[in-house]
Number of protein chains: 2
Amino acid sequence: MEYKVDYEDVQFTLFDFLNAGQLSDLPRFQGQGVDLYQSVLDESLKFSKQEVAPLNEKGDRVGVKIVDGRVQMPEGFGDVLKKFGENGFMAIDLNSEYNGMGLPTLINTAVSEFVMGACASFAFFHLLTRGDCNMLQSFASEDQKQTYLTRMTTGEWTGTMCLTEPQAGSAVGDITTTAKKNADGSYSIQGSKIFITCGDHDLSSNIIHLVLARVEGDLAGTKGISLFIVPAKRLNADGTPGMDNDVKLVSVEHKMGIKASPTCLLEFGDKGKCQGFLVGKQADGMKYMFQLMNEARLAVGQQGVALSGAAYEHALQYAKERTQGGKTLIIQYPDVRRMLMTQKAYVEALRCLIFESALFVDLGWHHPDAHVREEYESYLGLMTPVCKAFGSDMGFRVTELAIQTYGGYGFIQDYPAEQYMRDLKIASLYEGTNGIQAMDLIGRKFLKNTGQNLKKYLTRITGQLKQVEEQTELKPLVAKIVQAIGRFGAAAQAVGQQAADEARVGLMATPFLRAFGDIICAQLLVRRAAVALKQLGQSATPERKRFLQGKVEVAKFYVEQLLPETDLNIARILSQDVSALADVL
Amino acid sequence: MEYKVDYEDVQFTLFDFLNAGQLSDLPRFQGQGVDLYQSVLDESLKFSKQEVAPLNEKGDRVGVKIVDGRVQMPEGFGDVLKKFGENGFMAIDLNSEYNGMGLPTLINTAVSEFVMGACASFAFFHLLTRGDCNMLQSFASEDQKQTYLTRMTTGEWTGTMCLTEPQAGSAVGDITTTAKKNADGSYSIQGSKIFITCGDHDLSSNIIHLVLARVEGDLAGTKGISLFIVPAKRLNADGTPGMDNDVKLVSVEHKMGIKASPTCLLEFGDKGKCQGFLVGKQADGMKYMFQLMNEARLAVGQQGVALSGAAYEHALQYAKERTQGGKTLIIQYPDVRRMLMTQKAYVEALRCLIFESALFVDLGWHHPDAHVREEYESYLGLMTPVCKAFGSDMGFRVTELAIQTYGGYGFIQDYPAEQYMRDLKIASLYEGTNGIQAMDLIGRKFLKNTGQNLKKYLTRITGQLKQVEEQTELKPLVAKIVQAIGRFGAAAQAVGQQAADEARVGLMATPFLRAFGDIICAQLLVRRAAVALKQLGQSATPERKRFLQGKVEVAKFYVEQLLPETDLNIARILSQDVSALADVL
């Protein structure tokens with residue numbers, strides 16, 4: 001199955017719209033620049049198409065199985081993972097002293113879209129290992145970094161994140177895995193963890209589990225949780241993997257999609273011989289894990305873009321080649337064009353959303369001015385649940401339309417559409433369900449902050465929109481978004497006034513996130529269209545002009561056809577209806 | 001996998017709301033009555049739960065395969081099909097002289113929900129065979145009826161409908177299968193047919209294909225198409241199946257879902273020895289096939305209700321049993337309740353829609369007054385594309401929410417949610433894609449009719465709503481729907497004024513169908529709530545009161561939370577935006 005992506009759109013969004021080149025002005029990225037970023041993108045896209053993509057269909061059909069108590073991966077994954085690490089793709093935005101490339105997270109994010117779009121099951125090895133690396137880089141001791149991090153950045157060892165337990169799905173504070181301090185300073189870990197992505201496999205010589213557990217005597221709830229490094233194999237004196245560390249593979253899940261991604265039930269310390277090593281300070285585990293969780297939430301949102309983007313490109317090509325009765329190409333039918341334009345609009349808007357959020361990561365971490373860092377971090381806090389939930393839900397809607405574009409063939413496994421949909425469904429569920437994201441946005445990010453960050457953000461985008469209003473063609477679009485922002489702001493105030501009514505707030509959470517998501521996406525596309533319009537005025541080839549005009553049309557389409565969903569969701573927020581709370585279910 | 005359905009809701013909708021008992025006032029159904037209908041429902045539900053449901057998960061996991069050139073079905077399907085036929089379920093609404101029960105189509109429709117909900121792959125044998133039977137009953141010669149129909153109504157032989165060809169997906173007029181008259185009055189059939197559901201299998205001793213083909217010299221397009229009976233095996237003199245009739249199984253499709261339903265590519269007359277028998281008049285085939293297609297479209301809409309209804313019931317049970325961290329049941333979370341109520345609202349509304357449409361079938365076919373028949377037929381014409389497209393799309397949305405209700409477990413094959421979604425996806429694609437349904441509604445059913453039928457229907461439901469307005473609790477709901485009808489009517493007029501602009505009409509088609517669907521569903525639930533409110537005033541057990549209150553709350557929820565989508569779609573209809581037509585895709 002060929003991997004298809006609109007690379008021109010990726011580059012335009014990164015360099016022309018978001019001005020990724022600005023990052024090399026930051027001390028951290030000095031001496032870098034667009035040429036370097038461009039070459040990493042070129043290479044990673046080539047690798048994703050040539051090496052990763054061929055794994056995708058095979059991985060889905062073969063899946064994973066347990067052989068002699070270990071997960072056996074489909075053929076080919078191991079070789080590709082090795083080359084992936086050798087090329088440095090595992091650690092694009094990590095520090096060079098730990099074998100990273102030291103590039104912006106924005107560039108890593110663009111590369112991640114290619115890898116994820118080419119084969120989701122493979123991409124999790126990248127996503128989790130890189131996330132673990134970044135967490136270890138932030139919080140582990142230098143000794144731990146030298147021992148584990150430097151071997152994970154190269155892809156020699158892979159990582160996991162072990163949070164969920166059978167009785168504690170979304171409620172991490174309820175975990176019961178224990179850690180008991182040993183005389184040598186290590187800890188004995190005991191407990192079960194479920195839904196552990198890449199929890200066992202035969203691709204690397206060791207697997208480094210990052211495990212949340214409670215040290216005996218520590219507080220109940222999230223405040224008593226510590227983070228441990230738990231290697232699948234203990235290390236010999238020379239640092240090579242040695243004897244098993246009592247991490248037992250109990251089972252793998254049989255899933256709707258991402259079938260080559262081993263989702264494992266692991267038993268730590270079944271024989272009382274599982275050794276873990278505390279990361280950072282005792283009982284600070286949730287703080288550390290939040291860094292990884294936030295990154296993972298952006299990555300899950302990106303899964304929405306990556307898979308729906310690939311699904312759209314395939315559907316588009318099909319629509320341009322398939323005729324009805326040997327006469328009319330199906331792309332000529334207005335209803336098919338409506339479906340394709342909807343796909344294009346969501347894919348490009350979500351790509352803008354994810355990339356701009358990644359830019360906020362870079363600016364929030366590496367800008368020299370602490371106030372600027374703080375500002376971008378506050379935006380990122382708002383964007384994270386939107387990326388995750390809106391990205392996965394709208395991405396799923398795109399895969400639905402991609403299938404629909406094929407007609408009956410969309411249901412057949414000879415075409416890639418149905419696998420993209422199945423592989424994407426998980427995105428609304430893991431890393432905190434989308435309902436939890438909505439509660440995070442309306443609760444932690446909005447109400448607890450008494451609306452200050454949201455207000456600041458809405459003011460920011462209103463100002464940015466005003467700057468592009470001078471372009472006549474965009475003026476009516478800007479006006480519509482600014483009006484929508486006004487109505488959303490009023491609805492947010494109404495939410496604020498009912499903050500004490502938990503049940504009402506709970507009912508409003510999802511509509512609140514959806515309304516916000518549509519506004520963010522609409523303004524991104526319109527601001528990007530302004531850049532396209534400027535370039536359209538300059539000399540350009542006919543193909544480039546058509547491409548640039550596409551940026552303008554897709555902005556119009558979003559504002560006219562999709563943004564009106566904001567009002568639907570505002571109506572839900574403002575409705576006094578509480579029938580869903582009635583005792584009739 | 002247990003089959004779950006809200007049987008109380010089915011009965012309430014049939015008997016209390018739609019007054020199914022009224023049908024025994026019609027000459028055709030004289031002497032029947034609620035008791036008889038009730039007992040058929042009881043028996044068929046028991047059969048669906050005990051016999052059909054156990055096939056479902058196994059069918060999905062095992063699927064179909066080709067062994068020695070024939071489709072091998074998963075174990076168990078044959079026995080159940082035999083018992084199904086013996087019980088008379090294959091021909092509930094067919095004439096008794098052909099082994100039918102002679103009951104209303106409404107009762108057959110309720111039974112069909114159970115069979116489809118219990119196992120979609122099995123249900124197609126029912127759906128297609130019964131549809132074929134009804135078509136043969138309407139149009140075949142008495143001799144053909146005695147030969148074929150009487151053996152299909154018992155389930156001894158099963159049927160197919162062979163329309164689609166590789167080069168002619170949705171464009172039936174482009175078919176190239178030919179029929180050449182033989183000296184004995186039979187025809188030699190030659191051509192390929194794809195996507196033939198139940199096209200080959202080992203469950204019955206013969207398979208009766210109903211094939212569209214063009215007799216040499218007949219007109220191109222749909223006006224030159226004839227309908228033929230083509231048995232897989234020729235009949236011996238005594239009517240038993242004999243030698244192969246040159247219907248070659250080329251391949252079966254590997255699909256996203258309904259994996260135990262053999263979707264076949266068939267080659268008719270590969271060796272020039274495929275014998276077919278003309279049904280009715282030459283070149284009238286499309287007229288006959290339309291009867292079957294319209295019935296199939298209602299059945300596909302019902303697939304939406306049946307699978308989403310079962311998915312919802314499982315999700316509901318899970319939400320009532322699953323706790324977060326051993327404390328809070330997840331059904332106590334407002335966002336989960338919002339998801340469950342959305343599922344309940346769509347499932348019950350779609351059930352009302354399908355059942356009322358089936359009632360229109362009975363009244364449109366069997367009412368003694370020709371004017372009344374004509375009136376109900378016109379309503380049915382409007383309802384058919386809505387049942388098919390709105391039923392499958394909203395049903396799919398329900399399965400999405402059912403998966404979401406489970407959280408991560410929704411993605412795992414240990415729970416039934418993901419299979420319901422996969423099995424349902426086909427419904428938006430086959431029997432004419434949902435885009436084609438939307439064009440049928442806005443084009444054939446609305447514009448070609450200069451809006452007369454739609455106007456009559458909207459007047460009818462407005463009048464029906466006014467009748468329930470006296471119930472204070474419903475008054476604000478009625479007002480909102482009547483306003484929505486007004487806005488939709490105005491939007492329809494706007495469509496009418498642009499009827500000549502095919503591209504614009506094409507862009508409006510899907511929003512038009514969606515807006516209409518929401519209005520139909522909302523008024524059905526509110527009118528049904530009026531019946532529940534009346535019964536609430538009478539004596540009832542606490543459980544029954546809770547049930548009846550549920551009918552009221554679900555009507556409120558639909559009007560307040562879902563009906564506002566009408567305005568979103570009206571905005572799309574009225575928008576002057578044509579960005580989807582721009583040459584940028």
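## Close-up views of a predicted two-chain model

View 1. Strand E5 (residues 187-197) of chain A runs antiparallel to E12(A) and is joined to it by two bridges, with A:Tyr187 partnering A:Gly276. Strand E7 (residues 225-231) of chain A is also antiparallel to E12(A), again through two bridges, and here A:Phe228 stands opposite A:Leu278. Strands (E, at least two residues) and helices (H or I, at least four) are DSSP runs numbered from the N terminus, and strands pair when DSSP finds at least two bridges between them.

A word on reading these views: this is a predicted model, in which local features need pLDDT of at least 70 and side-chain atom pairs count only at pLDDT 80 or more, while totals for chains, interfaces and linings use all residues. Residues are numbered from 1 along each chain as its sequence is written, and chains are lettered from A and ligands numbered from 1 in the order in which they are written.

**View 2. Helix H12 of chain A and what covers it.** Eleven of the 14 residues of H12(A) (residues 434-447) are buried, so the helix is largely enclosed by the rest of the structure. Among the buried residues are A:Gly435, A:Met439 and A:Phe446. Their cover includes helices H10, H13, H14 and H15 of chain A, together with H9 and H10 of chain B. H12(A) has a kink of about 30° centred on A:Asp440 (the angle between axes fitted to the seven residues ending there and the seven starting there).

**View 3. Helix H10 of chain B.** This helix (residues 370-406) has 37 residues and reaches 51 Å from its first C-alpha to its last, close to the expected 54 Å (1.5 Å times one less than the number of residues). H10(B) bends by about 30° at B:Met383, with B:Pro385 following within four residues. After the helix comes B:Gly407, whose phi is positive, near 65°.

**View 4. Around A:Tyr558.** Contacts of A:Tyr558 include A:Ala345, A:Cys521 and A:Leu563, leaving out residues up to four places away in sequence (contact: C-beta atoms, placed from the backbone, within 7 Å).

Definitions and conventions. Contact = placed C-beta atoms within 7 Å. Buried ≥ 20, exposed ≤ 12 C-beta atoms within 10 Å, placed from the backbone.
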